[in-house]
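Me: I would like to go through a protein model with you. May I start with its pockets and then move on to other features?
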Amino acid sequence: MRRQLLPLLFAMLPGMAQAAVSEEHQVRHYDVRQTPGQSLFDALERSTPLRENGRSFHGYTRWEIVWNFTFNKGADGLCGIDSVQVKLLTITTLPRLLAAENKVRAEFNPFLAALTRHENGHKQHGQLAAYQIEREIKSMPRMSNCQELKQNANLRGTLLIEKGQQADRDYDAKTRHGCTQGACLTD
């Protein structure tokens with residue numbers, strides 16, 4: 001029975017939109033050197049390059065999504081999506097402790113683990129948006145106007161990116177930028 005099913009599946013493929021999501025994840029570090037008597041918080045504050053609106057952050061994840069698709073006009077005069085390619089790039093910036101007293105190093109390790117978990121949550125929002133874009137564009141109904149199909153596909157992608165960005169903001173509000181996950185230090 002299996003052998004009969006495979007040719008049927010392969011016969012169906014040309015009529016189905018082909019899709020793919022490629023992911024590239026980068027982790028960048030900034031160097032932190034704690035001096036004797038200095039708190040880990042102060043060492044991070046002095047070292048972090050991550051500043052926005054007068055506020056400093058100890059970790060940050062940025063994600064970008066680009067998509068391309070092809071479409072064609074069938075014999076019936078309707079335009080349909082042929083293939084979809086979505087690329088996700090995430091860049092996570094984290095501290096790297098180069099020099100520290102043992103007490104501070106012991107504090108840093110669990111903090112870094114919690115910060116990494118928090119930043120992975122942001123990465124997951126980018127991944128979710130990328131796969132939703134791929135899925136929604138791939139499943140778009142055929143349309144009589146190719147330009148309208150193209151505009152609708154791009155609008156769906158843009159709206160899903162905005163939804164992912166809102167998920168990032170909500171996540172930071174809910175976790176207080178990772179504090180509820182253990183990614184906060186006090187002075």
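Reply: Two definitions come first: a pocket is an open set of grid points with protein on both sides within 12 Å along at least five of seven lines, and its lining residues have an atom within 4 Å of a point. Helices and strands are DSSP runs numbered from the N terminus. Please also note that this is a predicted model.

Me: How much space lies in the largest pocket?
Reply: The largest pocket holds about 720 Å³ of space. Its lining is made up of 28 residues, and those closest to the centre are Phe57, Gly59, Tyr60, Asp172 and His177.

Me: Which elements give two or more residues to that lining?
Reply: They are α2 (40–47), β3 (55–56), β4 (60–73), α3 (102–138) and α4 (146–175). Helix α4 supplies the largest share, with five residues.

Me: And how do the lining residues divide into nonpolar, polar and charged?
Reply: The lining has 10 nonpolar, nine polar and nine charged residues.

Me: Changing topic: how many disulfides does the structure hold?
Reply: There are two disulfides. In general, a disulfide is a covalent bond between the sulfur atoms of two cysteines. When the bonded cysteines are numbered in sequence order, the pairing is 1-2, 3-4.

Me: Which cysteine does cysteine 79 pair with?
Reply: Cysteine 79 is bonded to cysteine 146, and their sulfur atoms lie 1.6 Å apart. This pair links distant parts of the chain, since cysteine 79 belongs to strand β5 (residues 79–99) and cysteine 146 to helix α4, 67 residues apart.

Me: Why is that disulfide called left-handed?
Reply: The torsion about the S-S bond of cysteine 79 and cysteine 146 is about -45°, so the disulfide is left-handed.

Me: Is cysteine 79 buried or exposed?
Reply: Cysteine 79 is buried, because its relative accessible area is 0%, and the cut-off for buried is under 20%.

Me: What about the other disulfide, the one with cysteine 179?
Reply: Cysteine 179 is joined to cysteine 184, with an S to S distance of 1.6 Å. Cysteine 179 has a relative accessible area of 23% and is therefore partly exposed. Cysteine 184 is also counted as partly exposed, at 37%.

Me: One last topic: which residues are buried in α2?
Reply: The buried residues in α2 are Leu40, Phe41, Ala43, Leu44 and Ser47. They cover an arc of only 165° around the axis, so they sit on the same side of α2.

Me: Why can residues a few places apart point the same way?
Reply: An α-helix has 3.6 residues a turn, so residues three or four places apart point the same way.

Terms used
Residues are numbered from 1 along each chain as its sequence is written. This is a predicted model: local features need pLDDT of at least 70, side-chain atom pairs count only at pLDDT 80 or more; totals for chains, interfaces and linings use all residues. Side-chain values use heavy atoms; hydrogens and water are left out. On a 1 Å grid over the protein atoms alone, a cavity is a set of points where a 1.4 Å probe fits but cannot get out, and a pocket is an open set with protein on both sides within 12 Å along at least five of seven lines; lining residues have an atom within 4 Å of a point. Grid points are joined across faces, edges and corners, and a volume is the space filled by probe spheres set on the points. Helices (H or I, at least four residues) and strands (E, at least two) are DSSP runs, numbered from the N terminus. Ala, Val, Leu, Ile, Met, Phe, Trp, Tyr, Cys and Pro count as nonpolar, Asp, Glu, Lys and Arg as charged, and the others, Gly among them, as polar. A disulfide is a pair of cysteine sulfur atoms within 2.5 Å. Buried means under 20% relative accessible area, exposed over 50%, partly exposed in between (1.4 Å probe, protein chains only). The arc is that of the directions from the helix axis to the C-beta atoms.
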